[in-house]
Amino acid sequence: MANPAERLVDLLDLERIEQDIFRGLSPDESLQRVFGGQVAGQALVAAGRTTDGLRPVHSLHAYFLRPGRPGVPIVYQVERIRDGRSFTTRRVVAIQQGRTIFNLTASFHSAEPGIEQQLPMPEVPGPEGLPTLADEVRSHLGALPEAFARMERRQPFDVRYVERLRWTDEELKGVEPRSAVWMRAVGPLGDDPLVHTCALTYASDMMLLDAVRMPVEPLWGPRGFDMASLDHAMWFHRPFRTDEWFLYDQESPVATGGRGLARGRIYDRAGRLLVSVVQEGLFRPLRPAESAAEGAGGGAADGG
């Protein structure tokens, strides 16, 4: 059986069914809706497959319009907006069962000489001395719940929180809306730069909205809100490998009106800023009967 990293590469390997039309698999997992990072990563693959491959993607802007249904293939239609001297632009629409669930605009550009500056990486401990997420859960509960163990077996990324997880409302007092995690794919992803970019796009939606929830409720355990990604934007500054450690530093400047905004900065081990991310999410209070769901993460939202 393929390991989770190999399954991620397979998930991003779309079938071309026409010149600018692709079909992607959607795993039949025990989720209410297709994971938003999967749709964004697959859409970016579709966009990249219609370029000459010489210009890397430098930005993407996307909206999650309807929840995707697990187990049902998704069709990606690419529109070639522009092939200029410096920039290439593509628009992608994701369709499932005849309905648009997602759209994305991506721009491709080769690096040029110019200004060089960045905000420094936060001073944090390295990933090697930090517990894995499974270790954190095991130390708190004494054993891994079966639902978590199943999720862990198919998780394509090793995730290690810089600060220990908080498990009770008492521990949340005074907590700021910030979070930082070290991440890397659990196995090699090959040498195609587009695969690494799309894999990081997948990972970027995994816990960015955690920063919004940090002061309100524990990240793992019964949830008080139905969460869903509404839109997602990324800017890719430098080349990187997603199967090497990167720090995902996250913060939420505001949450109001049933929505929360989160910003992320992704650094490599050398402290170079690789990617900037911004996402808005929907946060609807759950009824008591619904709040037994456990876990965290983004997903495609029903914009209605």
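Here are a few questions and answers about this predicted model.

Reader: Is Glu217 buried or exposed?
Author: Glu217 sits in the loop between α6 (210–213) and β9 (225–236). A residue counts as buried under 20% relative accessible area. Glu217 has a relative accessibility of 8%, so this residue is buried.

Reader: Which backbone nitrogen does the side chain of Glu217 reach?
Author: Let's start with the contacts of Glu217. Leaving aside neighbours within four places in sequence, they are Leu172, Arg223, Gly224 and Phe225. The Glu217 side chain also makes a polar contact with the side chain of Arg213, at 2.8 Å. The backbone nitrogen that this Glu217 side chain reaches, at 2.8 Å, is that of Gly224.

Reader: What span should helix α5 have, at 1.5 Å a residue?
Author: Helix α5 covers residues 193–204, which makes twelve residues. The expected span is 1.5 Å times one less than the number of residues.

Reader: How many of the residues of α5 are buried?
Author: At the start of α5, a side-chain oxygen of Asp192 comes to within 2.9 Å of the backbone nitrogen of Leu194. Leu194 is among the buried residues of the helix, as are His196, Cys198 and Tyr202. Of the twelve residues in α5, the number buried is eleven.

Reader: In β8, which residue is the bridge partner of Tyr161?
Author: Tyr161 lies on one side of β7 with Phe157 and Val159, while Asp158 and Arg160 lie on the other, and all are buried. Strand β7 runs antiparallel to β8 (residues 178–185), and five bridges join them. The partner of Tyr161 in β8 is Val181.

Technical notes: Residues are numbered from 1 along each chain as its sequence is written. This is a predicted model: local features need pLDDT of at least 70, side-chain atom pairs count only at pLDDT 80 or more; totals for chains, interfaces and linings use all residues. Side-chain values use heavy atoms; hydrogens and water are left out. Helices (H or I, at least four residues) and strands (E, at least two) are DSSP runs, numbered from the N terminus. Buried means under 20% relative accessible area, exposed over 50%, partly exposed in between (1.4 Å probe, protein chains only). A polar contact is a pair of N or O atoms within 3.5 Å; within protein, one must be able to donate a hydrogen and the other to accept it, and residues adjacent in sequence count only if both atoms are side-chain atoms. Contact means heavy atoms within 4.5 Å. Two strands pair if DSSP finds at least two bridges between them.
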